[in-house]
Amino acid sequence: MEVILIRDIDRLGKSNSIVNVKDGFARNFLIPNKLAIPLTPENIKKLEQDKQNKLLQSEKVKKLAQDQVKSLSSLSLTIPVLTLEDDRLYGSITAQDIAAGLKDEGIEIDKNSIILAEPIKNLGIYEVAVKLHPEVTTTLKVWIVKK
């Protein structure tokens, strides 16, 4: 029996894919647990519409990310911190601190989008990568200055 998977299932397939399974497995497990739907012409049309909607949604998100790149590339973020006598930081600057600084500037970015190889532990100017979308990445200039 051929079914359309609604969710990803290990060792069977990804969501929105058509797979061939045994009749009993489909009738007794996949369909009752809403993991799959039978392969019918109506469900195929619905599958195609869902794929189109996801593609349009993905394009919207990508366009928003590209618009955000323009604002980030022109921005220079300054973070004042407390330091020791030899200009080392008391703590370190992490992606969460940079995200908080951007929020103060009025730009909402998830801390997981900010890519730091290691936390910043010294004063200076740093180029920080920001991945806004799987296909859209930019750099942000971060100034770490003495408070």
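Biologist: Hi! How many helices and strands are in the protein?

Modeller: Hello! The protein has three helices and nine strands. Keep in mind that this is a predicted model.

Biologist: Okay. What pattern do they follow along the sequence?

Modeller: Reading along the sequence, you get β-β-α-β-α-β-β-α-β-β-β-β.

Biologist: And what is its radius of gyration, next to that of a compact globule?

Modeller: The protein has a radius of gyration of 24 Å, while a compact globule of 147 residues would be near 15 Å. Along the principal axes, the C-alpha atoms fill a box of roughly 75 × 30 × 20 Å.

Biologist: Where is glycine 101 found, by the way?

Modeller: Glycine 101 sits in helix 3, which covers residues 95-104.

Biologist: Is glycine 101 buried or exposed?

Modeller: Buried, because its relative accessibility is 13% and the cut-off for buried is under 20%.

Biologist: How much of the whole protein counts as buried?

Modeller: Of its 147 residues, 29% count as buried. The accessible surface comes to about 10,200 Å², and 51% of that belongs to carbon and sulfur atoms.

Biologist: How many bridges join strand 1 to strand 2?

Modeller: Three bridges join strand 1 (residues 2-5) to strand 2, and the two run antiparallel. If you want a spot to look at, valine 3 stands opposite valine 19 in strand 2.

Biologist: Now strand 9. In what sense does it pair with strand 4, parallel or antiparallel?

Modeller: Strand 4 and strand 9 pair in the parallel sense, over six bridges. One place to look is valine 81, whose bridge partner in strand 9 is lysine 146.

Biologist: And what about strand 8 and strand 9?

Modeller: Strand 8 (residues 124-133) pairs with strand 9 in the antiparallel sense over nine bridges. A hairpin through two residues joins strand 8 to strand 9. You can also see histidine 133 standing opposite valine 136 in strand 9.

Biologist: Which residues does threonine 138 touch?

Modeller: Threonine 138 has its place in strand 9, residues 136-146. Leaving out residues up to four places away in sequence, threonine 138 touches Val69, Leu72, Ser73, Val128, Ala129, Val130 and Leu132. Threonine 138 is buried, with a relative accessible area of 9%.

Biologist: Where is the place of threonine 83?

Modeller: Threonine 83 is in the loop between strand 4 (76-81) and strand 5 (88-93).

Biologist: Buried or exposed, that threonine 83?

Modeller: Threonine 83 is buried, at a relative accessible area of 17%. Again not counting residues up to four places away in sequence, threonine 83 touches Arg88, Leu89, Tyr90, Leu123 and Lys146.

Biologist: Last topic: how many aromatic pairs does the count come to?

Modeller: The count comes to one aromatic pair. The two partners are phenylalanine 25 and phenylalanine 29, and their rings are stacked, at 5.5 Å centre to centre with 15° between the planes.

Biologist: Why give both a distance and an angle?

Modeller: Because a pair of aromatic rings is described by the distance of the centres and the angle of the planes.

Biologist: How far apart are phenylalanine 25 and phenylalanine 29 in helix 1?

Modeller: They are four residues apart in helix 1 (residues 23-30), so about one helical turn separates them. Phenylalanine 25 is partly exposed, with a relative accessible area of 37%. Phenylalanine 29 is partly exposed too, with a relative accessible area of 37%.

Biologist: And what share of the contacts comes from residues 24 or more positions apart?

Modeller: Among contacts with a separation of 6 or more, residues 24 or more positions apart account for 50%.

Notes. Residues are numbered from 1 along each chain as its sequence is written. This is a predicted model: local features need pLDDT of at least 70, side-chain atom pairs count only at pLDDT 80 or more; totals for chains, interfaces and linings use all residues. Side-chain values use heavy atoms; hydrogens and water are left out. Buried means under 20% relative accessible area, exposed over 50%, partly exposed in between (1.4 Å probe, protein chains only). Two strands pair if DSSP finds at least two bridges between them. The radius of gyration is taken over C-alpha atoms; the globule rule is 2.2 Å times the number of residues to the power 0.38. Contact means heavy atoms within 4.5 Å. Accessible areas come from the Shrake-Rupley method with a 1.4 Å probe; for residues, only the protein chains shown count as cover. Rings of Phe, Tyr and Trp (its six-membered ring) pair if their centres lie within 6.5 Å; planes under 30 degrees apart count as stacked, over 60 as edge-to-face and the rest as tilted.
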